[in-house]
Each structure stands twice: as C-alpha cells, then as structure tokens.
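Subject: Handover of a structure

Dear colleague,

Please find below the structure that I am handing over to you. I would be grateful if you would look through it before reading my notes.

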Amino acid sequence: MKGYAGNILEINLSTGKHKTTKISLDFAKKYIGGIGFNAKILFDELPPAIDPLSEQNILVFGVGTLVGSPFPTSSRTEASAKSPLTNQFGTSNSGAFFGVQLKNAGYDALVIKGKAQNPVYILIEDQKVEICDAGFLWGKNTWDTIDMLKSRHSGVEIASIGLAGEHLVRFANIENSYFDGWGRTGLGAVMGSKFLKAVAVRGTKGIAPQNPTALLETVKEAQELIKSASSYGAFCKYGSMLAAIPYGNFKALSAHNFTKGVVPGWHDNFGRQVVEEYTKNHVGCQSCIIACAHWVEIKEGKYQGNQLKDMEISPSVAFGSNVGLSTDATIIASKLCRQYGIDMLSAGGVIAFAMELFAKGIITRDDLGYDLPWGDDEATFKLLQDIVERNGIGNILAEGTKRAAGYFKDAEPSAIHVKGLEIPMIDPRNRWSTWTLGLLTNIRGGDHLRCRNPVENLRFNDNNHDYLKERFGYKKIMYDKLDMPEELKREIIDLENDIVDIAKMSKWAEDLVNLFNAIGICIRPPVLEKVGPTILAQAYTIYTGIAITPEELMIGSERIWNLIKLFNIREGEQIQDFKFPRRFYDEELYGKTLDEEKTHRVLEQYFIARGWDPATSQPTSEKLKLLELDSY
C-alpha cells in the first residue's frame, strides 16, 4: 500500500508511553484519511458523555491522503476531539506544512491520550518520539513558543497553544506554525487540559507513490482544471477577500452582532483596493498553485511596521464587520489571536456579543473597568486579553457565547450561535442559499466551511423560489463541466429554469467538502469548482495503488459524515438543535426576517436527501446499512 505512511502513532501522556499500529487496507479504503481516520478513531475509542476537558478526551491529527504528493493544494491535516465549546464532535482543518512533516515521519495520524502531570511538548523525528518538559514554554505566546522550539530542534513544524489554550478558553485554537491554525471548536483547550504545549515534528522518509509517472500526469491535469476555474485569476490576486464586497452589497454580513447587514465604510476599508494597498507578496501552502494568502504590512499610523500573513475574509468579517474595527486594528486583532491561540471567528462573535450587551446597558463600565463601544480597538484588545487570561467578565466570556448568555439577564436574544458555535460571516436573512442552510446542518455547529455550493454565484442575490431553491446563474458550459453524476446533476440543477435545489445541493456539497478534508486538499473556490470525485479517484488510485471509483470515494465521504452524526447523537444532539438564533426569525434586517416554518421545510428536505428521518434527523437503518454503519 503506497501513498499512505501506513502507521498511526498513539501517545499516552498519562503513562509516558507510545505505540505504533499499522493501518489496514479496509480501514484506508473505507475512511480515506484526514477527518475520516479521526472520526473512526474517536467514535470507537472515546467514551460517551465524557468531560471534553478531562484526561479521557482524545486529540487526533489526521493527515489527508494526498498530502506528501504534488497534487495541487494537498497540504491539509484535520485535528479532532470532543469539543469543549459544543460538547459534540470538534474538528478543524489546516494546511501549511505540518501534515507533510508528520506523514514523512511515517504517520498518517497522531493520537494523543491522557494528561501529563506538568507542561510537556511532544517531539517526533521519524521513529524518535519523546515527551519533553515544557515548563520553560508555559505562559509563552505561540510565536515565542515556536521560536524557542525551532532554536532547539532544526527543521521542525510546530502545532502549539498560547495563553487561551493554557487557560482553557473554550474556543482556544491550535496554532499551525506562526500564521495558520486549527481554528474552531476549542481544540486548543483540549491541548491545554492535557498540559500539552506543543507538538514538534520533522520527517525525512518521504512518501513513495505507486505510479510516479501517472501521478505527475494527473497533477498536471488537476492544475489545468483549477486554472480554468472562473474564480482562479481573481482568487490568486485577492484571495478570500473576494467575498467581502459581494456580501457587503447583499447587506448579509455579520455586522455588529448581526444587528446590521453591513457597517459604514465597508467598501472603503475592506474592498479589493485595500488588498493591493496593504500587501507585498503572496503566501502559499504545500503544493499550492493559488497562493491566496497575503503578506501584509501596515505602513503608517499607530500600528505602523506590523507585518504578518493576513488580509483574509475571516478576520476581516469577525473584527472589521462584527466588532466594527478599522482595517489596521483588524490586522492587529488577527495578530493577537494568533499569538494568544484563539479562534478569530468565535473571538469576534463573543466580543460583538459583549459590545451589544454594553450598548443595551446589560453590562457596564463598572463590570468591565472600561467602556466597550462598537469599533473601539483599545477596548477590543483589552477584552481579548481579559478573555484569554480569564480576568473579570473575560472569565465568563471565555466560556463562549452560549454559556455566557446564561450569566447575564436578558442576554439570550444577543447570543448568536448554532449548537454552541458562534456563527461567522453570513446573515441568512439577506442571503438565503446552500451556504446559509449549511450553517444549520454543519456537523460542528454554526460554521461556514463545511458546506458551500461548488458553483455558487456571487453576482446575484435575487431569490424568488421560496427557500427551497436558489439561482444557478451560470451558462450551460459551467453545468456541463461540473464534476457530478449526470442523473444527480439533473436532480439538483434545473438549467432551463436557472435554479438549484438547496437541500440536495447541500448534501452533495457537504460530502464533497468532507471528501476534500479526508483526502487533504483545500476547499478554496477554484478547487471546489473544478476538482471533483473523478480526478480525486484517479489521483488516489495512482498514488496509493488502491483501486477506487468516484462513487466509492463519495460513499466513503458520506460514511464519514454519518459516523460523525452518530457521534453527535450519542452526545445528545436532537432535531430541535437545528435552529437559528431567534434574532433571525424575530428581528427584521432591511425589512426581512427568516420564515421559521419554511426554513424547517428545507431542513426536512435536507434530512430526506441524506436518508435521515425528517421527524428526528436520525439516519435510517437503510442508510446505515448502505454505508456499512449498521453495527453502530
């Protein structure tokens, strides 16, 4: 079996011991890699109903199957555990270079169990595995941690936590080197609860493909596909900031805790021209031909001289729109979040929640020690520090929006989350689509990165199809080139009437993104639009030597999604958890509210498309049997 490293490394911090187990052909083919390996390991080995911050929790880093190959954007590694924020399946995906080092060291997955008695870090150098004292690192920010470890261990890639993880902030993240991270669902708090400061890894073995010549031909084919995407040129230049202006035009941004659709000056402060003004160079991950990230420098003002990888849509919306910061202050907020090791999206959501409570008089200057008006950078940075250090009200906000709302009278209407995870980016009142339905159906809660129509059209926002449909908006050539089974394509897209079935597209999009997260490639629009199961099955077969069809890959991805669904059900998920905050149903935004009954109707159609009982949202016995999950 080529392509795979072939091993899973398990480290028990309680005992100080580690072991390596071989992966089987059946395991590899059924669960693919990345999130698939993580889901199987956690479902089988994690006891139900445990405290996510106890030593019983298990943290898994699963490397995508194609990582280590030159297939474009194949850099992604999935980190997973039970979430301290949602109490359900917690998972996050990150690129850069950590995964290729772990795989080159000989491991497709790293499983971390138990809890150390004192702060430690893990050092992996091929077969050499050590649990090392990290007392000298505890209390350091992530950048200092990385600097200090790199000075000791040449050539390592590092996953680390900052103060947020050490202090068990429920939305702490794991930083992936200096500028990337496993950002959602609080996995940094899991590391902190284990007294695990960092994982440093260096691999020298390399990965041998089954058929190197054929692999290079497939890589070339995939590169040409991605370069032919309608968004490729613009995305190479502007990256994810491309979405800033369309969603601002739609008035569908998470502005001031979803009380507005767009903040004043949004176009001037976060339009394409700002990318050109602030950025010097582009930054790419392993095997990437897009390089969508930017190297940013603040050239004047009180933050002059700050440089970092930035100018992306997530921090721009989280802090520029939701909190209302200026462009410069948003860049600094992004830098602080990376150094503290805290999820930017949840941090922005929690701070916006607090700002609304301050505006309403529910919390006051006496509670905080300072004023907290919208858009105040100094107050934002002070509150962020209070959260990561758990000082004062920061100790309450460190619990996340859902829990924090229970501490303040009349705060519940301002708590914007789905299943405990703060919603980023999109207000569904002014943009109803496959993407916004995905905020409800996401296996990790209110997040936008697990479901997106691969041919979403941002030129249009008109929707006259009463929730069940959205506009297709493309010509026949786009329809013809979409890599989707023809019969299913005809079911989902009505080319003649220019409409897309949202429920059925959501199921397909989730399975496609889930496949990307298993196989280890990026979900950026040029990839999502053009790369599908056909070329991925070709690449997988050539790289690993394991024959697989596009249909088998999609079934494997659906199997993974349903196994995570079973995990969530086991941890208490119920159908009533699939709901937006009351604000979206009760409070108008530019004269619009969501129709709760119609939203639920689309949700029922989604459950049916998934083969789940629409009355309970639970997978039917027929679906579980089809996916070979009936023993669960």
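This is a predicted model: local features need pLDDT of at least 70, side-chain atom pairs count only at pLDDT 80 or more; totals for chains, interfaces and linings use all residues.

Residues are numbered from 1 along each chain as its sequence is written, and side-chain values use heavy atoms, with hydrogens and water left out.

Helices (H or I, at least four residues) and strands (E, at least two) are DSSP runs, numbered from the N terminus. Two strands pair if DSSP finds at least two bridges between them.

The sheet is open and has six strands, in the order E2-E1-E6-E3-E4-E5, with mixed pairing. Strands E2 (17-22) and E5 (89-94) each have a single partner and stand at the edges, so one side of each lacks a neighbour in the sheet. On average, neighbouring strands are turned by 15 degrees against each other, direction ignored. Axes here are lines fitted to C-alpha atoms, for helices over the stretch in contact, and angles run from 0 to 180 degrees between N-to-C directions. Strand E4 (residues 77-82) runs antiparallel to E5, and six bridges join the two; Thr77 is opposite Ser94 in E5.

Helix H2 (residues 35-45) packs on this sheet, touching E1, E3, E4, E5 and E6, and its direction makes about 20 degrees with that of E4. Contact means heavy atoms within 4.5 Å.

Leu46 lies in the loop between H2 and E3. Leu46 counts as buried because its relative accessibility is 2% (buried means under 20% relative accessible area, exposed over 50%, partly exposed in between, with a 1.4 Å probe and protein chains only). Leaving aside neighbours within four places in sequence, the contacts of Leu46 include Ile58, Lys82, Phe567 and Arg570.

Asp511 is in helix H22 (residues 502-519) and is also buried, with a relative accessible area of 2%. The side chains of Asp511 and Arg610 are joined by a polar contact of 2.9 Å (a pair of N or O atoms within 3.5 Å; within protein, one must be able to donate a hydrogen and the other to accept it, and residues adjacent in sequence count only if both atoms are side-chain atoms).

In helix H19 (residues 434-441), eight of its eight residues are buried. Among the elements covering them are H22, helix H25 (550-570) and helix H27 (596-610).

Yours sincerely
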